[in-house]
Amino acid sequence: MKYNKLILCAAISTSLYACSGNQKPVDLTESKTASSAVSANQFGNVAEKALSSSARLPGQLKPFNEVNLFPKVNGFVKQLYVDRGSIVKKGQLLITLEAPEMESQYQAANSRYLQAQETALASKEKYQRLKEAAAEPGSVSPLELDNASAKMKADEAIANSERSNVASVRTMQGYLNIYAPFDGMIVQRNVSPGALVAPGKATDQPMLVLQDIRKMRLEVYIPEDYVDKVDLTQPVTFIFNAMPGNEYTAKISRSANALGSMRSEAIEIDVDNAKQSLKPGMYAEVKIPMLSGAKSLLVPNSAIVRSTEQEYVIAARDGKAELVSVKEGLATHDSTEVFGSLKANDRVLLHASDEIKNGDKL
């Protein structure tokens, strides 16, 4: 009996402590957070206006002219007259090759030509004598005179052929001397005297690499979305990463007028390099002036949702959300040009997110 009274007192004490605590009743009613968020949505309008801006794109310097020098015939390097860093002029002798068998070929071809020339000369003299003798009626038959004429012409043709063969071998001998095709600088030397060289493919290692760097080509690739927006009349500005303090200005010199494998169009900007302070391979940040055309559709920057699958805006149509896929164009500090199933004055959700699904009430 005493034990039961102790249990009853403990239960009453626990109940009084719970009632005197700071705990509040739990609100089990439905949360109104979602509805409040929907009612708090802000909307903006799709604007239609002309947009002019510029795009910053990477560029790379390339020499104005560059050539890989390969031999045209088999031979050994006899002498090198230049090395890496040598400044050369057009027509300057760079390398001399030697091919002993080519000299033998020339001697043999020249001997055949001299023999054919003597034969042709003898045939011509014989024909002249027969022609003079034929002035006396009956002394030379017409058939004999015709045969002599035919042999003279044949021997002359053989002599001309051998003369052409000698000229061909002489031309091949000229290939043993390698000359500079234009003014420039030797940037690579891959052979030494005594090396065996042979005509190669573009993928083979050349004997020398010659570059003209007095004027450079700054090559920039314009993405497909911008190719029709480049303003060719306006100058471009660019800064080289290696020389951040110097800004250059020039005009676009030429464009490829075709898209390459990366779905972009190559343009080139001629850069004067008289002081040769710029080097091939240097990277630059190029500011390309662009015009988007007569009219463009613009949406606030915060209205665009970018996911791994697509880029879209959330349009308000009949009080419901509609996800409209878009493609971005030029951008300013507060708006972005878009391409998609939108029209001017369409209402789009500001501060859009991927939490709102297609068909949700707005």
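User: What joins the side chains of Lys151 and Asp155?

Analyst: A salt bridge is a side-chain nitrogen of Lys or Arg within 4 Å of a carboxyl oxygen of Asp or Glu. In this predicted model, the side chains of Lys151 and Asp155 meet in such a bridge, at 2.9 Å from N to O. Both residues lie in helix H4, four residues apart, about one turn of the helix. Helices (H or I, at least four residues) and strands (E, at least two) are DSSP runs, numbered from the N terminus. An α-helix has 3.6 residues a turn, so residues three or four places apart point the same way.

User: Is Asp155 buried or exposed?

Analyst: Buried means under 20% relative accessible area, exposed over 50%, and partly exposed in between (1.4 Å probe, protein chains only). Asp155 is buried, with a relative accessible area of 9%, whereas Lys151, at 47%, counts as partly exposed.

User: Which parts of the chain does the salt bridge between Arg189 and Asp83 tie together?

Analyst: The side chains of Arg189 and Asp83 meet at 3.4 Å, N to O. Arg189 lies in strand S8 (residues 184-189) and Asp83 in the loop between strand S4 (75-80) and strand S5 (87-88), so the pair ties together parts that are 106 residues apart in sequence. Arg189 has 31% relative accessibility and counts as partly exposed; Asp83, at 38%, is also partly exposed.

User: Which residue forms a salt bridge with Arg254?

Analyst: The partner is Asp270, with the closest N and O atoms 3.0 Å apart. This pair links distant parts of the chain, Asp270 being in strand S14 (residues 264-272) and Arg254 in strand S13 (residues 254-259), 16 residues apart. Salt bridges with shared partners join Arg217, Arg254, Glu268 and Asp270 into one network. The structure holds 14 salt bridges.

User: How does the span of helix H3 agree with its number of residues?

Analyst: The expected span of a helix is 1.5 Å times one less than its number of residues. Helix H3 (residues 100-133) has 34 residues and should therefore span 50 Å; its end C-alpha atoms are 50 Å apart, which agrees.

User: What do the buried residues of H3 pack against?

Analyst: They pack against helix H4 (142-174). Among them are Met102, Tyr106, Ala109 and Tyr113.

User: On what basis are these values computed?

Analyst: Residues are numbered from 1 along each chain as its sequence is written, and side-chain values use heavy atoms, leaving out hydrogens and water. Local features need pLDDT of at least 70, and side-chain atom pairs count only at pLDDT 80 or more, while totals for chains, interfaces and linings use all residues.

Conventions:
Contact = heavy atoms within 4.5 Å.
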